[in-house]
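Subject: Structure for your files

Hello,

Here is the structure we spoke about, with the sequence alongside. My notes on what was found follow below.

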Amino acid sequence: MPSNIEVVDEPADHGFLDVRDLKVHFPTEDGLVKAVDGVTFTVEQGKTLAIVGESGSGKSVTMQAVMGLHRGTRARMTGEVWLDGVELLGASDSVVRKKRGADMAMIFQDPLSALHPYYSIGNQIGEAYLVHNKASRKQARARTIEMLDRVGIPNAKRRVDQYPHEFSGGMRQRAMIAMALINNPKLLIADEPTTALDVTVQAQILELMKDLQRDFQAAIVMITHDLGVVADIADDMMVMYGGKGVETGTSSEVFFQASHPYTWGLLNSMPRLDRVRAQRLDPIPGTPPSLINLPSGCSFHPRCAFVEKVGHDGRCKNELPELYPVSAAHEARCFLVDQNQLEALRNQTVEEPA
Amino acid sequence: MSDHAPVTPSTPKTSSAPLLEVENLQKHFKQYSQTLIKRAAPPVKAVDGISFALEAGQTLGLVGESGCGKSTAGRTMLRLIEPTGGAIRFNGEDVTKFGTSQLRRMRREMQMVFQDPIGSLNPRHPVGSIIGAPFRIQGVKPPKGVRSEVQSIMERVGLNPEHYNRYPHEFSGGQRQRIGIARAIALQPQLIVCDEPVSALDVSIQAQVVNLLEDLQEEYKIAYVFIAHDLSVVRHISDRVAVMYLGKMMELTDRDVLYATPMHPYTQALMSAVPVPDPDRAEARERIMLSGDLPSPNDPPPGCVFHTRCPKYREQLSDNQREECRTTIPLLEEKQPGHFAACHFAEVRVDSAVTVAAPVAPVAEPQAGGAAGPAEGSGPSLTKS
Amino acid sequence: MFFYTIRRLIGAIMMLVVMSIAVFLLFYASPTDPARLTCGKNCTPQGIAQNRAYLGLNEPLQVQYGHFMKGLFADRKFPDNPKLQKEHPELITKCDAPCLGYSPLQNSTVWAYLKPRLPITLGLTLGAFVMWIFGGVLLGILAALRRGKFVDRLLVSLALIFYSFPTFFISLLLLQTVVFKWGWLQTPGYVSPSAGIGDYLYNMFLPCLTLALVYAAAYIRLTRTYMLETMGEDYLRTARAKGLGNRSIIFKHTLRAALTPILTIAGLDLGALLAGAPITETVFNYPGLGQAAVQSAVTFDLPSTVVIVLLSATFVIVANLIVDLLYAVVDPRVRY
């Protein structure tokens with residue numbers, strides 16, 4: 001079932017991964033960087049949530065906070081992160097460390113820089129197994145070969161002793177996935193896993209991830225900027241802008257009933273192979289906001305074409321919009337939803353001659 | 001190994017020469033074997049015989065995956081890298097035979113925009129001096145002075161002319177790319193080679209830059225060689241598209257023809273692999289999966305370089321036909337008028353539902369695209385518009 | 001890897017040969033005439049000519065070089081001239097292989113002059129090397145881990161202070177405090193290891209510490225910088241995402257990568273230092289290679305100077321070779 005925003009006020013009732021009002025702020029010399037500023041979402045086991053946004057939207061920082069990777073830095077974090085009924089943000093370092101790599105695992109954008117250049121693939125993957133299991137090196141190695149085989153690396157027995165630079169980009173990402181899945185994690189976080197790959201290799205990796213999810217029944221959080229990838233793999237999606245989720249819902253709801261001007265902008269600004277070639281692209285004007293001086297009210301309002309339509313003495317500029325329900329499984333952070341203007345706008349668009 | 005030139009697929013039927021005509025361009029990098037004594041090994045054929053023609057004011061898209069040689073090809077065309085063989089005719093003159101002074105004059109007419117707007121701008125120079133550099137180097141004196149000329153160019157590409165004295169790091173990624181573009185158009189060249197100019201940019205910024213490039217082309221009649229790996233962007237901006245794989249040109253034809261009826265199995269696979277932002281179609285369509293990885297360019301497969309990954313070779317060909325793929329290098333031949341492909345068995349796939357040729361059923365729910373969204377409801381156009 | 005090693009080895013040998021030719025040319029083509037120098041105050045032209053013949057300086061340069069190289073593998077006799085040897089058998093000095101030439105100023109073969117100095121310099125340098133590598137790297141790690149905190153600032157400032165002090169000042173400071181004021185140690189003086197290894201080490205400690213302090217200061221900063229750089233790498237994020245403990249992250253993943261550039265510098269430093277640490281040797285009065293270098297230079301003892309320069313070049317080249325080979329062991333990307 002669609003699993004997004006939890007509207008229930010029942011603290012004991014947690015989604016499998018349940019992030020509530022997460023904020024991650026970094027004090028810097030220039031001021032407080034509000035990288036993540038109140039993000040809420042849930043993911044159930046066996047489901048895939050895609051977090052979509054441009055650089056600086058806070059999508060990676062959010063998931064690194066879930067993994068506890070900001071611990072020991074200056075980051076200030078508030079909110080709640082529940083994984084399988086355990087709150088992680090307030091937990092001790094050792095509790096989180098034991099979950100990292102075992103219950104939750106992460107793969108990264110550039111598998112070449114994410115793998116240590118000096119250790120063999122087998123060493124690095126086996127290490128992930130040995131930290132969380134009482135096993136001999138031999139057992140770890142056998143398990144590593146089994147995993148490499150599972151993610152489609154041919155000749156796993158031989159390649160286990162090779163080094164990252166001897167692997168191709170696609171094979172490296174497969175090895176990263178093998179490393180992440182070696183302890184059967186219940187949550188897999190994939191941070192732009194195919195962005196650095198060629199499109200034909202990307203297709204292979206996405207197929208592999210879908211296939212593995214059927215086997216492992218993990219919850220997957222996919223961070224990406226590519227709406228094509230979202231459509232391919234995600235059950236649910238959350239669009240982020242300026243450190244906040246601005247639209248969440250099932251993928252088909254968000255794609256076909258997009259309800260936030262920023263989502264519209266994203267969908268319209270990309271050239272699409274599945275449509276007749278547009279004469280002209282329709283970019284979102286302006287640039288993404290500074291995370292130190294976020295615009296007042298709705299942080300998208302300086303780039304938004306609908307500020308006038310919302311009206312009410314510049315409500316967009318003065319008031320912070322909440323997430324308003326569009327349908328049962330769909331919410332958007334826009335006053336157009338709150339003021340029931342969405343349908344009218346949609347109809348108007350349809351009547352407009354293309 | 002046969003390195004003979006394929007026929008030049010020059011489309012123009014006009015009498016005058018095209019702006020840029022590249023014929024059998026080659027760039028081979030020397031290689032040495034690493035044993036006791038250095039010995040010359042077979043060279044890496046980064047670009048191995050590509051040919052095309054480009055008319056003034058038109059755009060040729062050069063697509064391919066990493067390692068296919070598209071960037072090397074772009075640089076070789078401008079002689080930023082010396083070609084190993086072949087001819088580059090610019091306005092009818094063979095650029096490969098130019099001496100230093102001719103080359104310098106030629107650079108006025110041929111410019112380049114790079115992918116990485118940070119790496120390609122000198123961090124120690126203010127943008128005014130970066131954009132004005134071509135004037136100094138070429139000794140061009142604009143009537144109203146360099147400064148005012150640079151400021152009007154800055155304005156033209158959407159930069160604030162008051163930022164004349166700022167440094168590159170004070171600009172965002174998109175703005176830096178505008179600086180790179182401003183520098184390239186400063187002398188109003190006839191040709192700009194754009195090497196992945198938008199791939200480092202966010203989607204919304206990418207659209208701004210693509211639009212800018214289109215506007216500038218319209219205004220100054222600049223021809224582009226647009227090098228990119230993103231098939232959707234290439235389709236949007238190009239008039240003609242060339243697909244490259246392992247240094248060779250696989251297919252070359254008009255944009256609409258290529259995207260509607262690709263003939264080369266590689267192009268077909270490439271297009272089917274592009275994810276489309278539409279969950280229903282993503283589910284419905286079938287992907288042509290390529291097996292394995294890109295072979296090493298140091299040691300390309302014999303015969304057709306693509307045969308090791310070719311789905312057609314794997315699934316549809318007879319043993320005799322496969323033999324041909326393994327032994328004979330397919331030449332870039334005109335399979336249909338104006339449609340070139342380098343494949344012995346090139347044909348339009350019957351089930352080309354995998355490509356964009358699939359009719360776009362009007363999306364059930366209208367896109368709430370606000371003021372925008374011109375795509376709704378219009379049928380597919382398989383032929384050239 | 002095998003070919004890589006062989007190739008590097010051949011390269012190093014070629015480098016040494018070129019080096020030796022260059023040094024030979026430079027020194028023997030120099031305007032100072034060794035024959036004149038060895039001739040003394042009341043020198044006559046005949047005296048000079050005699051010395052010239054005795055030293056073999058009448059031979060063309062390439063023949064002299066040939067003799068020198070041959071001497072590395074075969075015994076020589078000085079004067080290297082059959083006629084003179086027959087005329088003055090009482091003057092003959094035997095020089096066993098490897099023969100590095102004869103120094104008329106020292107009135108002995110160069111090897112006899114330098115040989116007893118080698119273990120002193122070797123002990124001093126290696127002792128200091130071990131101290132500064134362990135001290136510098138460990139403190140550098142500490143500084144990196146406590147970045148921006150008090151410990152870090154303290155270490156970085158101390159490093160800067162020690163680095164900017166001249167060596168002689170540090171040695172005098174140590175002597176003044178540790179030996180004279182606090183009396184923790186006795187005044188060190190060189191003791192041969194054959195006279196008791198304990199005594200030898202005891203006396204080596206302070207000179208080694210002096211050298212180590214100077215170098216450790218640099219290595220604290222180097223290690224700190226490279227550690228911090230490595231900590232920002234993506235693969236460390238991966239290591240943490242795996243759930244590894246701190247020790248494994250710091251020593252297995254960070255330090256190994258950070259040590260690679262330090263290794264290069266350490267090799268060159270060690271190589272250069274093996275040719276002698278003149279100031280430290282002088283302050284503590286340890287008759288090592290450094291002292292000999294200074295002495296032979298100021299007295300225009302050309303045969304000794306040539307050998308010392310060649311020795312130090314050899315040390316650096318060999319150290320560099322070892323570093324290159326180690327590099328290939330540490331970093332799999334370098335292997336061929």
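Chain C has 15 helices and 4 strands in its secondary structure. Please bear in mind that this is a predicted model. The C-alpha trace of chain C extends about 85 × 55 × 35 Å along its principal axes. Of the 336 residues in chain C, 34% are buried. Among contacts in chain C with a separation of 6 or more, 67% are between residues 24 or more positions apart.

Two domains are assigned in chain C: domain 1 covers 2-112, and domain 2 covers 116-335. Taken over C-alpha atoms, the centres of domain 1 of chain C and domain 2 of chain C are 34 Å apart. Where the two touch, 21 residues come from domain 1 of chain C and 19 residues from domain 2 of chain C.

Which elements supply the side of domain 1 of chain C that touches domain 2 of chain C? Helix H1 (2-28), helix H2 (34-37) and strand S3 (102-103) of chain C each give at least two residues to that side. H1(C) provides the largest share, 11 residues. By residue type, this side of domain 1 of chain C consists of 14 nonpolar, 6 polar and 1 charged.

Turning to chain A, the strands come next. An open sheet is formed by 4 strands of chain A in the order S2-S1-S4-S5, with antiparallel pairing. Strand S2 (31-43) and strand S5 (86-87) of chain A are the edge strands, and each of them pairs on one side only. S5(A) pairs with strand S4 (residues 76-83) of chain A in the antiparallel sense, over 2 bridges. At this end of the description, Leu83(A) is found opposite Val86(A) in S5(A).

The other element to look at in chain A is a helix. Is helix H1 (residues 59-67) of chain A mostly covered or mostly exposed? H1(A) is mostly covered, with 9 of its 9 residues buried. The buried residues are Lys59(A), Ser60(A), Val61(A), Thr62(A), Met63(A), Gln64(A), Ala65(A), Val66(A) and Met67(A). Lys59(A) is therefore counted as buried, because 20 or more other C-beta atoms lie within 10 Å of its own. Just after H1(A) comes Gly68(A), which has a positive phi of about 75 degrees.

Regards

Definitions and conventions
Residues numbered from 1 in each chain as written. Chains lettered and ligands numbered in written order. Predicted model: local features only at pLDDT ≥ 70, side-chain atom pairs only at ≥ 80, totals over all residues. Buried ≥ 20, exposed ≤ 12 C-beta atoms within 10 Å, placed from the backbone. Pairing = 2+ DSSP bridges. Contact = placed C-beta atoms within 7 Å. Domains from an automatic or database assignment. Nonpolar A, V, L, I, M, F, W, Y, C, P; charged D, E, K, R; others polar.
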